[in-house]
Amino acid sequence: MPSSAYLEWSGERRKKIDELFSVHASVGGTGPGRRWRTSQLNWSITLRLAGEFQGFARDLHDEASDALCDPITKLDPSLSVVLRSSLSRARKLDKGNAQPAALGNDFSYLGLSLWPALKRVNVKAGKWNDELESLNIARNAIAHDDQDEFLKLQQRNRYPITLDVVKRWSRALDGLAVTMDAVVGDYLAGFLGGQRPW
């Protein structure tokens with residue numbers, strides 16, 4: 001069974017993203033050919049993708065932290081509060097984008113080396129890392145009108161931000177989310193000496 005964070009990602013969060021894809025199709029059509037007057041929609045979907053994935057990652061971290069603290073809560077509720085606070089103190093997902101480095105940093109508070117674990121489970125993890133990095137560069141370029149960030153996208157062949165580029169990011173996030181969910185669940189099962197907490 002997946003985590004609540006993943007159910008939200010594949011449910012309500014995906015609906016919000018798909019709604020923008022649907023608007024894009026109604027404006028630009030679905031047939032072959034270049035889309036006109038859709039660049040702002042591409043940018044909107046980019047921002048929504050980055051935001052929803054950050055929310056998923058933060059929710060997954062919260063859920064994993066709760067699972068680690070649950071056994072302690074039964075023994076000493078006050079100690080559990082201290083531990084829970086420590087697991088999310090200075091969490092980068094609370095202040096910045098869900099960059100690959102931020103994910104690695106925050107899940108390391110749980111004792112998990114996230115990216116090496118993801119790469120052991122799925123050979124696509126390195127590609128997902130690159131796509132997530134590009135998505136967040138695009139997010140910052142758009143949100144801050146940062147021309148240097150747009151230049152970084154050009155160097156990564158992700159500019160202009162077309163529908164194909166946005167769909168590539170969306171597919172990468174779907175793969176990353178389901179794999180993160182499995183990796184974190186398996187890690188917790190091993191750490192806690194039982195079944196996955198979800």
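A polar contact is a pair of N or O atoms within 3.5 Å; within protein, one must be able to donate a hydrogen and the other to accept it, and residues adjacent in sequence count only if both atoms are side-chain atoms.

**Basis.** I worked from a predicted model, in which local features need pLDDT of at least 70, side-chain atom pairs count only at pLDDT 80 or more, and totals for chains, interfaces and linings use all residues. Residues are numbered from 1 along each chain as its sequence is written, and side-chain values use heavy atoms, with hydrogens and water left out.

**Entry 1: Asp-59.** I located Asp-59 in helix H2 (helices are DSSP runs of H or I, at least four residues, numbered from the N terminus). I noted that its side chain joins that of Arg-13 by a polar contact of 3.0 Å. Leaving aside neighbours within four places in sequence, I found Asp-59 in contact (heavy atoms within 4.5 Å) with Ala-5 and Arg-13. Asp-59 is partly exposed, at 26% relative accessible area (buried is under 20%, exposed over 50%, partly exposed in between, with a 1.4 Å probe and protein chains only).

**Entry 2: helix H7.** I looked up residues 147–155, helix H7, and found Glu-149, Phe-150 and Leu-153 buried. Seen down the axis of H7, these buried residues fall within an arc of 105° (taken from the directions from the helix axis to the C-beta atoms), so they line one face of the helix. On the other side of H7, I recorded Asp-148 and Gln-155 as exposed. Helices H2, H6 and H8 are among what covers the buried residues. At the N-terminal end, Asp-146 caps H7, with a side-chain oxygen 3.0 Å from the backbone nitrogen of Asp-148.

Notes. Helices (H or I, at least four residues) and strands (E, at least two) are DSSP runs, numbered from the N terminus.
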